[in-house]
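Thanks for coming. I have one structure to show today, and I will go from the whole chain down to single residues.

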Amino acid sequence: MIENRIKSLEDKLESFSIHLERSKILEYAEIMNNPRRLIFVNFIGGLARGFGMAIGFTILAALVIYIIQQLVNLPLIGRYIAELLNIIDSYR
């Protein structure tokens, strides 16, 4: 009976150990203890996020402009833009 409980406990401990290894807690702790590496990793992550946002916004803006072109008469919008440019030029 005690042997079964010990075996069960060993199995659970081994399973826990495997889960800890998969969660990469050691790598996280190493990064947190090295400020230079932490700054570098965050800098690269920020660059990647910024680049992704720029690409995403460009695609979204192009899609919105395309939909507006299909739904709205653009010469009408062009007339308003031309009026706006004339107003701006008159103040120069």
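I will begin with the overall build, then take the helices, and end on one leucine.

What you see is a predicted model. On confidence, the protein chain averages a pLDDT of 86, and 98% of the residues score at least 70. Where pLDDT is low, the predicted coordinates should not be read in detail.

What is the secondary structure of the protein chain? There are four helices and zero strands. Read from the N terminus, the order is α-α-α-α.

Now the dimensions. Along the principal axes, the C-alpha atoms of the protein chain fill a box of roughly 90 × 35 × 15 Å. The radius of gyration of the protein chain is 30 Å, whereas a compact globule of 92 residues would have one near 12 Å.

How many of the 92 residues count as buried? The figure for the protein chain is 1%. Buried here means under 20% relative accessible area. The accessible surface of the protein chain comes to about 8900 Å², and carbon and sulfur atoms account for 67% of that.

A word on charge. The protein chain carries 10 positive and 9 negative side chains. The centres of those two sets are 6 Å apart.

Next, the helices. Helix α1 covers residues 2-23, which is 22 residues. From its first C-alpha to its last, α1 reaches 31 Å, close to the 32 Å expected at 1.5 Å a residue. Is α1 largely in the open or buried? The number of buried residues among its 22 is zero, so α1 lies largely in the open. Just after α1 comes K24, with a positive phi of about 55 degrees.

Which elements have the lowest and the highest mean pLDDT? The lowest, 81, belongs to helix α4, residues 74-90. The highest, 92, belongs to helix α3, residues 35-71.

Last, the leucine. L63 sits in helix α3. Its relative accessible area is 47%, so L63 is partly exposed; the cut-off for exposed is over 50%. L63 and I77 are 14 residues apart in sequence. In space, C-alpha to C-alpha, L63 and I77 are 18 Å apart.

To recap: four helices, zero strands, and 1% of the 92 residues buried. That is the end of my part.

Terms used. Residues are numbered from 1 along each chain as its sequence is written. This is a predicted model: local features need pLDDT of at least 70, side-chain atom pairs count only at pLDDT 80 or more; totals for chains, interfaces and linings use all residues. Side-chain values use heavy atoms; hydrogens and water are left out. Helices (H or I, at least four residues) and strands (E, at least two) are DSSP runs, numbered from the N terminus. The radius of gyration is taken over C-alpha atoms; the globule rule is 2.2 Å times the number of residues to the power 0.38. Buried means under 20% relative accessible area, exposed over 50%, partly exposed in between (1.4 Å probe, protein chains only). Accessible areas come from the Shrake-Rupley method with a 1.4 Å probe; for residues, only the protein chains shown count as cover. Lys and Arg count as positive and Asp and Glu as negative; His and the chain ends are not counted. The place of a charge is taken as NZ of Lys, CZ of Arg, CG of Asp or CD of Glu. The expected span of a helix is 1.5 Å times one less than its number of residues. pLDDT is the predictor's confidence in each residue, from 0 to 100.
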